[in-house]
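With the structure open in a viewer, please follow this tour stop by stop, selecting the residues as they are named.

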Amino acid sequence: MEYLDIVDENGNPTGETVERSFAHKNGVWHRTSHVWILRKREGKIEVLLQKRADTKSFPGCYDISSAGHITAGQGFLDSAVRELGEELGITATEDELLFCGDRKIIWDDVFFGEEYHDRQFTKVFLLWADVDEKSLTLQEEEVSAVKWMDLDKCIEGVKANAFKHCIYLEELLMVKKRALS
């Protein structure tokens, strides 16, 4: 079982923990880290998208480069570094992650026949890493594939819903703003 810290509206742990499935069934606030991997190619910025495994929520959708729940007692940065290693086989250090901003995610739906009430306080990070997608070690139960996409084309594709994704436009724009600063 995976336990998460229960957090207040600002993402601060309350001192209580909850099992992950209980948090999602009951809408308990918890924390996540999101990492967007970018690189520069031919004068343009590209973003690495992961394609979610068929056994995950939003199966087969393109999503954030790497993301994950923060287990009880862990922090945003160490969780982000851990997820990069687990999901993609990327070794990074906390000081390589550039903070882009905070997000509050509220999502209610039904996944695989079960009610799902997500309440996440998320810190969003950017990692500059020119990696070859063929060299990555994908965590099969989480990620079925990855691909590089021109950042501006990705933004336009998300706006137009031109490809199967579960990307929040506001977060992608937050990352672009940080990348250009």
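## A tour of charges and turns

Begin with E83, which, once its neighbours within four places in sequence are set aside, is in contact with S66, A67, G68, H69 and L88. Bear in mind throughout that this is a predicted model. E83 lies in helix α2, and because its relative accessible area is 9%, under the 20% limit, E83 counts as buried.

Stay in helix α2 and select R82 together with E86, which lie 4 residues apart, about one turn of the helix. Their side chains form a salt bridge in which the closest N and O atoms are 3.3 Å apart. R82 is partly exposed, with a relative accessible area of 25%, and E86 is also partly exposed, at 37%.

Next, select D78, which has its place in helix α2, residues 76-88, and is partly exposed at 31% relative accessibility.

The structure holds 15 salt bridges, and the following stop shows one that links distant parts of the chain, with R39 in strand β3 and D130 in the loop between β8 (114-128) and β9 (143-150), 91 residues apart. In this pair, the closest N and O atoms of R39 and D130 are 3.3 Å apart. R39 is buried, at 7% relative accessibility, whereas D130 is partly exposed, at 49%. Extending the selection to R41 and E46 brings up a network of salt bridges that links these residues with R39 and D130.

Now move to K123 and D102, whose side chains meet in a salt bridge of 2.9 Å, N to O. K123 lies in strand β8 and D102 in strand β7 (residues 98-111), so this pair ties together parts that are 21 residues apart in sequence. D102 is partly exposed, with a relative accessibility of 37%.

The last stops concern the backbone. Most residues other than glycine have a negative phi. Select E42, in the loop between β3 (29-41) and β4 (44-52), where phi is near 50°, a positive value in a residue other than glycine. E42 is exposed, at 82% relative accessibility.

Finish at N161, in the loop between α3 (151-160) and α4 (169-180). N161 has a positive phi of about 55° although it is not a glycine, and N161 is exposed, with a relative accessible area of 56%.

Note on methods: Residues numbered from 1 in each chain as written. Predicted model: local features only at pLDDT ≥ 70, side-chain atom pairs only at ≥ 80, totals over all residues. Heavy atoms only, no water. Helix = DSSP H or I, 4+ residues; strand = E, 2+ residues; numbered from the N terminus. Buried < 20%, exposed > 50% of the residue type's maximum accessible area, 1.4 Å probe, protein only. Contact = heavy atoms within 4.5 Å. Salt bridge = Lys/Arg side-chain N within 4 Å of Asp/Glu carboxyl O.
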